[in-house]
Every structure is written in C-alpha cells, then in structure tokens.
Amino acid sequence: MNRLQILAAWTGVIGRPGYSAGEWISEPGMMPWFRYFPGTARFAEELASCQWTNPQSAPYDLAMIADLQAIGSANEAQIQAMLTAIVRIDRFNEGFLAQKLGDGTILAICRRAGVLADQSNPRAASSRNENT
C-alpha cells in the first residue's frame, strides 16, 4: 500500500459514529492536558512513519484546513502541508489534532487521499468497488 492508501484506510476508523480522539485531563494543581486515545496516537505515528508530516513541505495553507470544500480538491503536496500544519500546531496548541479529528477536517483529508489513491491506481479502485 502506498501512503495515500494508508491514509485513506483511516476513513473507516475516524468516520465511525462516536469516534473520539481523546480527553482532557484536569488534576488539582496541574495544567489541564489532552490525553490521546491509543487509536489517535497510532494515527499520529502512522502520519510520521509515512512521512506525511514534514516541516520542509510546502508552505502551510491554514485557510485550506478551515475549508472542507477546498480539501476536496487538494493534491498530495497540499495534503502533506495540511497534515504537517495540524501536527505542528498541536505541539503548541494542545488538542488541535483532536479538534481537527472532531470537526471533520481529518476525515475530509483521508477521503481526499482515497480519491487520489483511486485516481493513481484505477484497477485497485475497481476491484475494491466490486467487493462492496
């Protein structure tokens, strides 16, 4: 599987009703912090292992992250730039990745990755559609 297919495979996980990325933990005398559930941690690890998050990728387009319609026309480089931005913002704005998982942004990106994967490999898309 290529990295577009791997990212697209997360659609079934993230798109499940009731999917939750994690929870805020608040303890007396400590700053609140966000604890990602294991599935979300695996998602973030897979982004890194497939080199979706690269600080040297194209400039971040934060407007595209906020526009689900624009995500629907993103190319692979733009997907990488958006995912890099989301992961980097999460380092300084804890819970941002969870917010983007919760508001449909990451799901839209994963769906777009699936479209691009199908376009690059029509035979795989055709056989997948026959099995559904």
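**Fold, core and selected residues of the predicted model**

With a relative accessible area of 58%, Gln51 is exposed, a class defined as over 50%, against under 20% for buried and anything in between for partly exposed (1.4 Å probe, protein chains only). Gln51 sits in the loop between H3 and H4; helices (H or I, at least four residues) and strands (E, at least two) are taken as DSSP runs, numbered from the N terminus. Its backbone also deserves a look: Gln51 is not a glycine, yet has a positive phi of about 60°. Most residues other than glycine have a negative phi.

The model is predicted, so local features need pLDDT of at least 70 and side-chain atom pairs count only at pLDDT 80 or more, while totals for chains, interfaces and linings use all residues. Residues are numbered from 1 along each chain as its sequence is written, and side-chain values use heavy atoms, with hydrogens and water left out.

Turning to the overall fold, the protein chain contains 9 helices and 2 strands, arranged along the sequence as α-α-β-β-α-α-α-α-α-α-α. Of its 132 residues, 39% count as buried. Among contacts (heavy atoms within 4.5 Å) in the protein chain with a separation of 6 or more, 65% come from residues 24 or more positions apart.

The interior comes next. In soluble globular proteins, nonpolar side chains tend to be buried together. Here, the largest nonpolar core holds 35 residues, and Leu7, Phe43, Ile79 and Ile106 touch the most other members. Such a core is a set of buried Ala, Val, Leu, Ile, Met, Phe, Trp, Tyr and Cys residues joined through side-chain atoms within 4.5 Å. At least two residues of this core are supplied by each of H1 (3–9), H3, H4 (62–65), H5 (68–71), H6 (76–92), H7 (96–102) and H8 (105–120). H8 gives the most, with 8 residues. Setting aside neighbours within four places in sequence, Ile106 contacts Ile14, Phe43, Leu83, Ile86, Leu97, Lys100 and Leu101.

How are H6 and H8 packed against each other? Their axes lie 11 Å apart, at an angle of about 155°; axes are lines fitted to C-alpha atoms, for helices over the stretch in contact, and angles run from 0 to 180 degrees between N-to-C directions. H6 and H8 are therefore roughly antiparallel, since angles over 145 degrees fall in that class, with under 35 roughly parallel, 65 to 115 roughly perpendicular and the rest oblique. From H6, the contact involves Glu76, Ile79, Met82, Leu83 and Ile86, and from H8, Thr105, Ile106, Ile109, Arg112, Ala113 and Leu116. These residues divide into 8 nonpolar, 1 polar and 2 charged; Ala, Val, Leu, Ile, Met, Phe, Trp, Tyr, Cys and Pro count as nonpolar, Asp, Glu, Lys and Arg as charged, and the others, Gly among them, as polar.

Three further residues illustrate pairs separated in sequence. Glu46 lies in helix H3 (residues 38–49) and is partly exposed, at 29% relative accessibility. Beyond its neighbours within four places in sequence, Glu46 is in contact with Ile6 and Trp10. Glu46 and Ile6 are 40 residues apart in sequence, with 8.4 Å between their C-alpha atoms. Arg88, in helix H6, is also partly exposed, at 36% relative accessibility. Between Arg88 and Asn54 the C-alpha to C-alpha distance is 9.4 Å, and the sequence separation is 34 residues. Finally, Met1 belongs to the segment before H1 and is exposed, its relative accessible area being 73%. Met1 and Ala117 are 116 residues apart in sequence and 9.7 Å apart in space, C-alpha to C-alpha.
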